[in-house]
Amino acid sequence: MQVKVLSVRENPEIKDKAIEYISSKWSSVSRIIYDDCISHCITAFASLPQWYILVKGNEWIGCAGLITNDFISRMDLYPWLCGLFIEEHHRGHAYGHLLVKRAMQDAQSAGFQNLYLSTDHVGYYEKYGFKYIGIGYHPWNEESRIYGITL
């Protein structure tokens, strides 16, 4: 069964379903944030933000975003891969890499030389060439590891 990455910007008809799906996977962030950001990505003049849905057949199995800042103190770094999620029963097949690869391609096409992400996961993103940069701080008084990759 074919697995493909859909861009919400290129497929605006999936916007409402994408907002519901992505916000359900990352419920720690208010749905209104996703609604506003994803809705405006469709008509954005700039290359960012971008939002992606990973589809296997007719099933939505993952998501990710490409944004200017991931609620983190290192605003000198951008763009950011954010919200990478793969449904648990589809993990272990490198499907997440399809989303990472698409974000990397879009970031490079937009003229960026690097891509960043913040996470608490150790070992996952390194498989795809990301290097640990340091710690960043979130507005809610937490910290995350920051990784970057040269495109």
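What do E2 and E3 form, and how many residues lie between them?

Guide: A quick note before the answer: this is a predicted model, where local features need pLDDT of at least 70 and side-chain atom pairs count only at pLDDT 80 or more, while totals for chains, interfaces and linings use all residues. Numbering runs from 1 along each chain as its sequence is written, and side-chain values use heavy atoms, with hydrogens and water left out.

Now your question: E2 and E3 form a hairpin with two residues between them. In the turn, Gly-57 has a positive phi of about 65°. E2 covers residues 50-56 and E3 covers residues 59-67; strands here are DSSP runs of E with at least two residues, helices are runs of H or I with at least four, and both are numbered from the N terminus. The two strands pair in the antiparallel sense over seven bridges, where pairing takes at least two DSSP bridges.

Buried means under 20% relative accessible area, exposed means over 50%, and partly exposed is in between (1.4 Å probe, protein chains only).

Ile-61 sits in E3 and is buried at a relative accessible area of 0%. Not counting residues up to four places away in sequence, Ile-61 touches Val-3, Tyr-21, Leu-54, Lys-56, Phe-85, Ile-86, Glu-87, His-90 and Tyr-95; contact means heavy atoms within 4.5 Å. His-90 is 29 residues from Ile-61 along the chain, yet their C-alpha atoms are separated by 7.0 Å.

What does the hairpin pack into? The largest nonpolar core has 24 residues, and Val-8, Ile-22, Trp-51 and Ile-53 touch the most other members. Such a core is a set of buried Ala, Val, Leu, Ile, Met, Phe, Trp, Tyr and Cys residues joined through side-chain atoms within 4.5 Å. E2, E3 and E4 each give two or more residues to this core, as do helix H1 (15-25) and helix H2 (31-41). H1 gives the most, with four residues. Ile-61 turns up elsewhere: a second, separate core of 23 residues includes Ile-61, Leu-99, Val-100 and Tyr-147. As background, nonpolar side chains in soluble globular proteins tend to be buried together.

In H1, Ala-18, Ile-19, Tyr-21, Ile-22 and Ser-23 are buried, and what covers the buried residues of H1 includes H2, E2, E3 and E4.

Ser-7, in strand E1 (residues 3-7), counts as buried at 1% relative accessibility. The side chains of Ser-7 and Gln-50 are joined by a polar contact of 3.5 Å, and the side chain of Ser-7 also reaches the backbone nitrogen of Glu-10 at 3.2 Å. A polar contact is a pair of N or O atoms within 3.5 Å; within protein, one must be able to donate a hydrogen and the other to accept it, and residues adjacent in sequence count only if both atoms are side-chain atoms. Beyond neighbours within four places in sequence, Ser-7 is in contact with Gln-50, Trp-51, Tyr-52 and Arg-102.

In the loop between H2 and E2 you'll find Pro-49, and the peptide bond from Leu-48 to Pro-49 is cis, with omega near 0°. The loop between E3 and E4 holds Pro-79, and the bond from Tyr-78 to Pro-79 is cis as well, with omega near 5°. Phe-71, also in the loop between E3 and E4, has a positive phi near 50° despite not being a glycine. Phe-71 is partly exposed, with a relative accessible area of 34%.
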